[in-house]
Amino acid sequence: MKIKVLGSAAGGGFPQWNCNCGNCTLARRTAGQPAVSAHAASPDAANPTVHARTQSSLIVGEEGSADWVLINASPDILTQIRATPELQPARGRRDSGIAAVLLMDAQIDHVTGLLMLRESSRPLNIHATAPVLADLRTGLPLLTVLSHYCGTVEHTLALDGQPFAIAPLKHVRFQALALSSKAPPYSPHRHDPHPGDNIGLLITDTRSGRRVFYAPGLGEIDPAVAQAMRSADVLMLDGTFWDEDEMIRLELSSKPARSMGHLPQSGAGGMLERLGDYADKRRILIHINNSNPVLRHDSPEHAQLRAHGIELAYDGMEIVP
Ligand code: MLT
Ligand code: MN
Ligand code: ZN
């Protein structure tokens, strides 16, 4: 099994189009290009202090296969596909390496890329929970819109913890887990949470038995999440905010981290403290907001992450668990 990160930033990307915070200004001035190799993520003096990042998405596939499952369809998907040759297998006049799409929530940064896939020569296979599919038929009716283009085949994800396969991947199994996070602002569930508004994914390589737990939007590590984390070898978790009041302090927004469904990294009960219990695993933060000080390789917060042995995902990062 192989995972490739297409986009490692939270909604808005990095730098964000209208943001003049210190990070975005620095990224605009110096970083132009995203990191695309392992060395680029290291904080060597030779490397820039920050790397640009596109919005949250990754692909899962098998070594040597031409077919991939796209996990979340970001508004940056066309740029991401251009940066990812494995998604262009060119087996026919019109072709794509994206065999299916799995959506983990109905947030703008995770679903609006679907519209960019409308030229697909076959209906798009979309795997999502019932609440996510409902949001995409009502508040943000992307599925209805797509029915006038390529169409979709919807697969409703159960939350019963049972492993399921997504064709044509043969040796990968997925398990969906309801998370405590937040439905999008436009959803009737924003302040009325329902199981399945947001999910975490356990992704298992059935040949090696190795397992990844992926949760780009995670508000709380409840006992079920903790159990999933213990069962995994690699954790790819919500890296949105360093602290609860980051957006307020930087005068970017009035929303605290937890009100948006994101567990911040610092402070009592924060992600760093909680990840201390999982030091035997590879731990990677992903879905990083442009305001987060960890994005600067020369920041004390970045040094703290490194001291804890925690990695920061970057666009182009490959993970073979
Ligand atoms: C979130 O996860 O909270 C989103 O990134 C917000 C957004 O896309 O606007
Ligand atoms: Mn998001
Ligand atoms: Zn910014």
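Trainee: Does Asp 109 count as buried or exposed, and how do I read that?
Mentor: Buried means under 20% relative accessible area, exposed over 50%, and partly exposed in between (1.4 Å probe, protein chains only). Asp 109 has 7% relative accessibility, so Asp 109 counts as buried. Keep in mind that this is a predicted model, where local features need pLDDT of at least 70, side-chain atom pairs count only at pLDDT 80 or more, and totals for chains, interfaces and linings use all residues. Residues are numbered from 1 along each chain as its sequence is written, chains are lettered from A and ligands numbered from 1 in the order in which they are written, and side-chain values use heavy atoms, with hydrogens and water left out.

Trainee: Which residues coordinate the manganese ion?
Mentor: For a metal like this, donors are N, O and S atoms within 2.8 Å (3.2 Å for Na, K and Ca); water is not among the atoms, so sites may look incomplete. Here, Asp 109 (OD) and His 287 (NE2) coordinate the manganese ion (ligand 2) at 2.1 to 2.2 Å. The two residues sit 178 residues apart: Asp 109 is in helix 3 (residues 108-111), and His 287 is in the loop between strand 11 (282-286) and helix 9 (300-307). Helices (H or I, at least four residues) and strands (E, at least two) are DSSP runs, numbered from the N terminus. His 287 is buried too, at 5% relative accessibility.

Trainee: What order do the strands of the open sheet take?
Mentor: Two strands pair if DSSP finds at least two bridges between them. The 7 strands run in the order 6-5-4-3-2-1-13, with mixed pairing. Strand 6 (152-156) and strand 13 (318-319) are the edges, each pairing on one side only. Look at strand 1 (residues 2-7) and strand 2 (residues 57-61): they pair in the antiparallel sense over 5 bridges, and Lys 2 stands opposite Gly 61 in strand 2.

Trainee: Where is Thr 204, and what does its side chain join?
Mentor: Thr 204 is in strand 8 (residues 199-205). With a relative accessible area of 10%, Thr 204 is buried. A polar contact is a pair of N or O atoms within 3.5 Å; within protein, one must be able to donate a hydrogen and the other to accept it, and residues adjacent in sequence count only if both atoms are side-chain atoms. One such contact, of 2.8 Å, joins the side chains of Thr 204 and Arg 211.
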